[in-house]
Amino acid sequence: MTSAGPVAVFGGTFNPVHLGHLRSAVELVERLDLEELRFMPCALPPHREAPGVDAATRARLVELAIAGAPRLTCDRRELARDGPSYTIDSLLSLRAELGAHRPLLLVMGSDALAGLAGWHRWEELLAHCHIVALARPAAALPAGDVVAAWLERHRVGVAALREKPAGGVHLLQLRPLPISATEIRGLVQSGRSARYLVPDPVLAYLERHALYRQEANDCQQ
């Protein structure tokens, strides 16, 4: 058993961060007894078009959203690198920072898990972290492909996330809160309100800086 508690990283474009992201983060901290959960905004996503709002602004929105929240932080390391924001590079950097024995958890949605075989150096991920996949109630898990076989080999219970620093995949179902960043951008662009979909400080920032008013790029959900 390691002495330090697990650290989780929750990546995404957060374009913008919303209450669905935040509620998931709170439940992850409590359900997995995390020492820290880091939101890690993606600067240049490898598998989709670049967001219409720059990475520094999206990170600022995350910081506004989680200000004062215990055990939630924003990690800007992907903003400091040039080129595509490959997860494996971030994990290597995090592992160097946290040491070899600290449990490190990478949080992703079940849709990302299904497409994992298209990720850069995806088969190396579990050498550096556990993966916690957030299973949506109606989402189908990978079946009959290389990811399904990999999942079967590495699936673990919640206790293993604390007992080892890396190597397992845990499926976790959280409270369904079907809010999407695509929907929020569409509301703002059409002049309607996104109140109660995003935290008030985020809404105030969007309005003050007129973000997403002309932004029709469909990216992070």
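How many residues has helix α2, and what distance does the helix reach from its first C-alpha to its last? Select residues 55-66: helix α2 has twelve residues and reaches 17 Å, close to the 16 Å expected at 1.5 Å a residue. The expected span is 1.5 Å times one less than the number of residues. Helices (H or I, at least four residues) and strands (E, at least two) are DSSP runs, numbered from the N terminus.

The model is predicted, with local features needing pLDDT of at least 70 and side-chain atom pairs pLDDT 80 or more, while totals for chains, interfaces and linings use all residues. Residues are numbered from 1 along each chain as its sequence is written, and side-chain values use heavy atoms, without hydrogens and water.

Next, colour α2 by burial (buried: under 20% relative accessible area, 1.4 Å probe, protein chains only). Nine of its twelve residues are buried, so α2 is largely enclosed by the rest of the structure. Among them are Leu61, Val62 and Ile66. Display α1 (19-32), β2 (36-41), β3 (72-74) and α8 (200-208), against which the buried residues of α2 pack.

At the N-terminal end, select Asp54, which caps α2 with a side-chain oxygen 3.1 Å from the backbone nitrogen of Ala56. After α2 comes Gly68, with a positive phi near 85°.

Now move to strand β5, residues 130-134, where five of five residues are buried. His130, Val132 and Leu134 point one way, and Ile131 and Ala133 the other. Two strands pair if DSSP finds at least two bridges between them. Strand β4 (residues 104-109) runs parallel to β5, joined by five bridges, and Leu106 has Ile131 as its bridge partner. Strand β6 (residues 169-172) also pairs with β5 in the parallel sense, over four bridges; there, Val169 stands opposite Ile131.

Technical notes. Buried means under 20% relative accessible area, exposed over 50%, partly exposed in between (1.4 Å probe, protein chains only). Contact means heavy atoms within 4.5 Å. A polar contact is a pair of N or O atoms within 3.5 Å; within protein, one must be able to donate a hydrogen and the other to accept it, and residues adjacent in sequence count only if both atoms are side-chain atoms.
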